[in-house]
Amino acid sequence: MDRRTVLKGLAGAGGLALTGGLAAPALSQGASARTLRFVPQANLANFDPIWGTQYVVRNAAAMVWDTLYGIDAQLQPQRQMVESEETSDDGKTWTFKLRPGLKFHDGEPVLAKDVVASLSRWAARDPMGLMIIPIQQELTAVDDRTFKWVLKQPFPKMLYALAKNNAPCSFIMPERIAKTDPFKQITEYVGSGPMKFAKGEWVPGAKAVFEKFADYVPRQEKASWLAGGKQIMVDRVEWIVMPDPATAAAALQNGEVDWWENPIADLVPVLKKNKNISVDIGDPLGNIGSFRMNHLFAPFNDVRARRAVLMALSQEDYMRAIVGDDDALWKSLPGFFTPGTPLYSEMGGEILKGKRDFDAAKKLLAESGYAGQPVTCLVAQDQPITKAQGDVTADLLKKLGMNVDFVATDWGTVGSRRAAKTPPGQGGWNMFHSWHAGADCITPASYTAIRANGDKAWFGWPTSAGAEKEVVSWFEAKSLDEEKAAVGRLNKAALDDVVYAPTGFFLTYTAWRKNVSGITKGPLPFFWGVSKSA
Amino acid sequence: MLSYILRRIVATLPVMAIVALFVFSLLYIAPGDPAVVIAGDQASPEDVERIRQSLGLDRPFLVQFGSWVWRILHGDLGTSIFTNLPVSAMIGQRLGPTLSLMMITLLLTIVVAVPLGVVAAWKAGSLIDRVIMGFAVFGFSLPVFVVGYMLAYIFALELEWLPVQGYTPLAQGFWPWLENLILPAIALGCVYIALVARITRAAMLEVLQQDYIRTARAKGLGQGGILFIHALKNAAVPIVTVIGIGIALLIGGAVVTESVFAIPGLGRLTIDAILRRDYPVIQGIVLLFSFVYVLVNLMIDVIYTLVDPRIRY
């Protein structure tokens, strides 16, 4: 008999006296094996994947809501809820037919009118959807299973838009829910995906529970990322939010949880030593580190100042600050697109390669007219990735002879302050740090950070006619070769004008108990195919 | 006494109103914008503005404050910006774990700290006294999270006696409820035990030098009777005071403890709400905590009259 049994016995005796014999429900080993306990990357604070676009919401939503198409591991859109599609000869009319037998979690069939309402709500919030709306002539249900999207001009990337995995995904909801204003949160979580959301068990900030949807009919093809047969092998998936990485690591070692989405690099060696735990790269598409310079104000309104920083920065310094000494976790990135994907390019990337030239950088900075004014550098201390990058940047700028105004704050403050277009001394800023999921940086379609259309661009508001021209070229490309050429030119133009500063490409681990099997690498945690033994 | 309690309760209303105004103003001027957090990184400024409008965050300060006060007066703490759930329901969900943790910690403190303080005073200057006070200094100096990690490492990972994290409601069984709270309560209780033990020792030392104790000894009363019947009762006022004040420490410490042990209590809810700028939730929790403080103070005052009949209001 071990001490824990003794303690249980003693407490049980005391408990009987105090509670009049309240008994704990005994979970059998089998029941335990049917529940997968997962520690997500962040708290699921809301659950409307169109209203809120955080990755964690997208990841949970992918279990509950299905999409018409799904991107697969080859980055190709595949049919998911759709049985077939037709395009008119002029490329302007798309006619889609739904698979038979699709059902929502409330038992109602999935109809074309549900799809029309869902796509309308999605398009109002999604960057690609917002490109479709101006060229849309009509989006209508033809019959219960058929709907038609008529455009004023062809949109060749239509299937990619409907399949893409970056938020917001085009999740299909019942019409009554999808008619909610896209800027207001839905309150019913009824999908047609492989799992149902147990709203009654939801404790925002602590726990979210998903139950297997018995009426879900998976596709026959093998599952591949968001495409194929989504076979759920467990009865329940419990998301247990743990803000403290050390606690998550201990809970995984102790067998209190089964799968931890993103263990921090510092704790990975401990997990690797545990014979009951598997550790592997979670998302092969990784992340791209970044800092953005404000193109509206001095000194970074002058491209020479921006280039000076690029000439001097060491991506290795940034990456080691984020991932430590594990060389398997990072690589230098002389460009903006995700390494290992078809459009990856290093064209124009020389400025980020080779020995760092501080003398030339200082000279260029002086030529830009920099005269020692403070450079307001926003750093979110509560996000390890931004904190690490901010420390490296502060050191870099000081070495360049710049006067750094290091604003250490939290992500909430950075998030709002970076939107200010006022001068840095009046509540604005010169630099802030972030990172982008590699899955979002595969093509220009989903890559908000690469856009350089001035006022309409992402924070920092870069203007680069060259880069913008190539974004259009990519959208109009008719073959993969044309797409590659356009993205190569885009990469060069964006580096020449320093749309933003890439600090390197990094991967993160995922860790799970060895009695769990079927975990696949991908841009989000996929729960289909994952099983657990007792 | 009843009229005193009523007067005190009425007096809490302006205090809570001032606290409410202060908290609301503080949040209004603090940097950070929940609409930005909600909209996510891909959102345009127009999207953020529309979300801000839909949440009513673009309205003037006085309008927002007035609307909030009006709802409070009608017993409505509002709706969370992020979860779209009533704040009262969210607080209700989290109250159980925090109350359980505080209750166990308080119990642990009284059971451990008071006897330790009494013994230390009884053996003042001896090795036992020095050892107890040494532990008190140690407990007082260690941050809650350090103690928490140490306990989790030893008792959960190495010995596998107790779980690392989580909370099970009492309705699911006494042991499942208790086993999740033992380590957090010890971690949270360390500072508290140290504080109460030191105060108990000091108060007891003062009382033990009084003439009536000498008289009790001269009359042949046993040591236990002297310590626990005569001395402790007369030393109780400062002890009760520090236990009451310590509840403030417990609430602060619970924020850290609940994070370290992944307990879904009010402490974690507070931190999450602050980081996301979920204003209605922050305001609701602050109001609740203010009310708890006022209530605890009131209870302490009432207990004074019970332990020391000379105190009258």
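## Legends to the close-up views

**Figure 1. A:Pro168 lies in the loop that connects α6 (158–163) with α7 (175–178) of chain A.** Helices (H or I, at least four residues) and strands (E, at least two) are DSSP runs, numbered from the N terminus. The model is predicted: local features need pLDDT of at least 70 and side-chain atom pairs count only at pLDDT 80 or more, whereas totals for chains, interfaces and linings use all residues; side-chain values use heavy atoms, with hydrogens and water left out. Residues are numbered from 1 along each chain as its sequence is written, and chains are lettered from A and ligands numbered from 1 in the order in which they are written. The peptide bond between A:Ala167 and A:Pro168 is cis, with omega at about -5°. A cis bond also joins A:Ala298 to A:Pro299, where omega is about 5°. A:Pro299 belongs to the loop between β13 and α10 (303–312) of chain A. Most residues other than glycine have a negative phi, and most peptide bonds are trans.

**Figure 2. Chain A as a whole contains 16 helices and 21 strands.** Its radius of gyration is 25 Å, close to the 24 Å that the globule rule gives for 534 residues, so chain A is as compact as a globular protein of that length. The radius is taken over C-alpha atoms, and the rule is 2.2 Å times the number of residues to the power 0.38. The C-alpha trace of chain A extends about 80 × 65 × 40 Å along its principal axes. Of the 534 residues of chain A, 58% are buried; buried means under 20% relative accessible area, exposed over 50%, and partly exposed in between (1.4 Å probe, protein chains only). Among contacts in chain A with a separation of 6 or more, 72% come from residues 24 or more positions apart, a contact being heavy atoms within 4.5 Å.

**Figure 3. Six strands of chain A form an open sheet of mixed pairing in the order β14-β18-β13-β17-β15-β16.** The edges are β14 (330–331) and β16 (403–409) of chain A; each has a single partner strand, so one side of each is left without a neighbour in the sheet. Two strands pair if DSSP finds at least two bridges between them. Strands of a sheet pair through backbone hydrogen bonds, either parallel or antiparallel.

**Figure 4. Strand β13 (residues 287–293) of chain A runs antiparallel to strand β18 (residues 501–506) of chain A, to which five bridges join it.** Within this pair, A:Gly289 faces A:Gly504 of β18(A), and A:Phe291 stands opposite A:Ala501. Seven of the seven residues of β13(A) are buried. In a regular strand the side chains alternate between the two faces of the sheet. In β13(A), one side carries A:Asn287, A:Gly289, A:Phe291 and A:Met293 and the other A:Ile288, A:Ser290 and A:Arg292, all of them buried.

**Figure 5. Strand β12 (residues 277–281) of chain A has four of its five residues buried, so it is largely enclosed by the rest of the structure.** Five bridges in the antiparallel sense pair β12(A) with strand β19 (residues 509–513) of chain A. A:Ile277 has A:Arg513 of β19(A) as its bridge partner.

**Figure 6. A:Val498 has a positive phi of about 50° although it is not a glycine.** This residue is placed in the loop between α16 (480–496) and β18 of chain A. With 1% relative accessibility, A:Val498 counts as buried. In chain B, B:Asn84 is another residue other than glycine with a positive phi, near 65°. B:Asn84 sits in the loop between α4 (61–73) and α5 (87–122) of chain B, and its relative accessible area of 31% makes it partly exposed.

**Figure 7. B:Ala156 is part of helix α7 (residues 144–158) of chain B.** Its relative accessibility is 0%, and B:Ala156 therefore counts as buried. Leaving aside residues up to four places away in sequence, B:Ala156 touches A:Asn254 of chain A together with B:Leu151, B:Leu162, B:Pro163 and B:Val164. Between B:Ala156 and B:Arg201 lie 45 residues in sequence and 33 Å in space, C-alpha to C-alpha.
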